[in-house]
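Biologist: Please take one part of this model and look at it closely, with enough background for someone who has not seen it before.

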Amino acid sequence: MGMPPREDRRTAAERRRRELLEAADRVVLREGPGASMNAIAAEAGITKPILYRHFGDKGGLYRALATRHTDALLDALRAALDAPAGRRERVEATLDTYLAAIEARPQVYRFLTHPAEEATTGEHGFDVGRHSAPLLRRLGEELAKVIAERVELGSEAETVARAWAHGIVGMMHAAGDWWLVERPCSRQELVRSLADLLWGRLAITDDVRGGPGF
């Protein structure tokens, strides 16, 4: 028998990688930032060397999980921004989408943004802690594109859009951390408070002419 076609091998490898990420998700849901490569390998029914073959080390696995969850969150945030509603309503819907996501899977959120202290240096010397920012940085850059294409910010639109976007993401991250731990108010109350904070400049800024509108 000959080797299976290259495309079939690639499809099988992608399917196996997806299965391993799903196993990693299950462990992270149980253990949060302390999820270990040993536990993930056991969950997947494989040995740790096979897990290394797919991801290299905990840093490689972290990056794959971050991409998986960031893609899903970005899709949800874009849907909220594109909803047929007024600007204030879309701002609140976007904030609520982010907070709902971290509320639904807090252990995954903490794994991606707060790696366990003892796990900040992964196998082979990889510093997981240095890579806890990609989720937030990517959210900031993607939001900056949305703001720049929708809101009229003048001659320095790109810089202002990036400043706003990373500031908004930082605000959501810090407020979400605080809210998950203390639960001092409902999610809806937090959304309204954050929207009030953002609303000043957004309320008086025009949409980009011919753009999709914010």
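Modeller: A residue is called buried under 20% relative accessible area, exposed over 50% and partly exposed in between, with a 1.4 Å probe and protein chains only. By that rule, 43% of the 214 residues in the chain are buried. This is a predicted model, in which local features need pLDDT of at least 70 and side-chain atom pairs count only at pLDDT 80 or more, while totals for chains, interfaces and linings use all residues. Residues are numbered from 1 along each chain as its sequence is written, and side-chain values use heavy atoms, leaving out hydrogens and water.

The predictor's confidence in each residue, pLDDT, runs from 0 to 100. Its average over the chain is 83, and 84% of the residues score at least 70. Over residues 117-132 the pLDDT is below 50, yet this stretch has 32 contacts (heavy atoms within 4.5 Å) in the model beyond near neighbours in sequence. Where pLDDT is low, the predicted coordinates should not be read in detail.

The part to look at is helix 4, residues 58-81.

Helix 4 packs against helix 7 (residues 134-150) at an angle of about 30°, with the axes 9 Å apart. Axes are lines fitted to C-alpha atoms, for helices over the stretch in contact, and angles run from 0 to 180 degrees between N-to-C directions. The two helices are therefore roughly parallel; angles under 35 degrees count as such, over 145 as roughly antiparallel, 65 to 115 as roughly perpendicular and the rest as oblique. Residues of helix 4 in this contact include Tyr 62, Thr 67, Asp 71 and Arg 78, and those of helix 7 include Arg 138, Glu 142 and Val 146. By class, the residues of this contact are ten nonpolar (Ala, Val, Leu, Ile, Met, Phe, Trp, Tyr, Cys and Pro), five charged (Asp, Glu, Lys and Arg) and two polar (the others, Gly among them).

Thr 67 is partly exposed, at a relative accessible area of 42%. Its C-alpha atom is separated by 9.3 Å from that of Arg 138, 71 residues apart along the chain.

Helix 4 also packs against helix 5 (residues 87-104), at about 155° and with axes 8 Å apart. This makes the pair roughly antiparallel. Among the residues in contact are Leu 73, Ala 76 and Ala 80 of helix 4 and Ala 93, Thr 97 and Tyr 98 of helix 5. Here the classes are eight nonpolar, two polar and one charged.

Note on methods. Helices (H or I, at least four residues) and strands (E, at least two) are DSSP runs, numbered from the N terminus.
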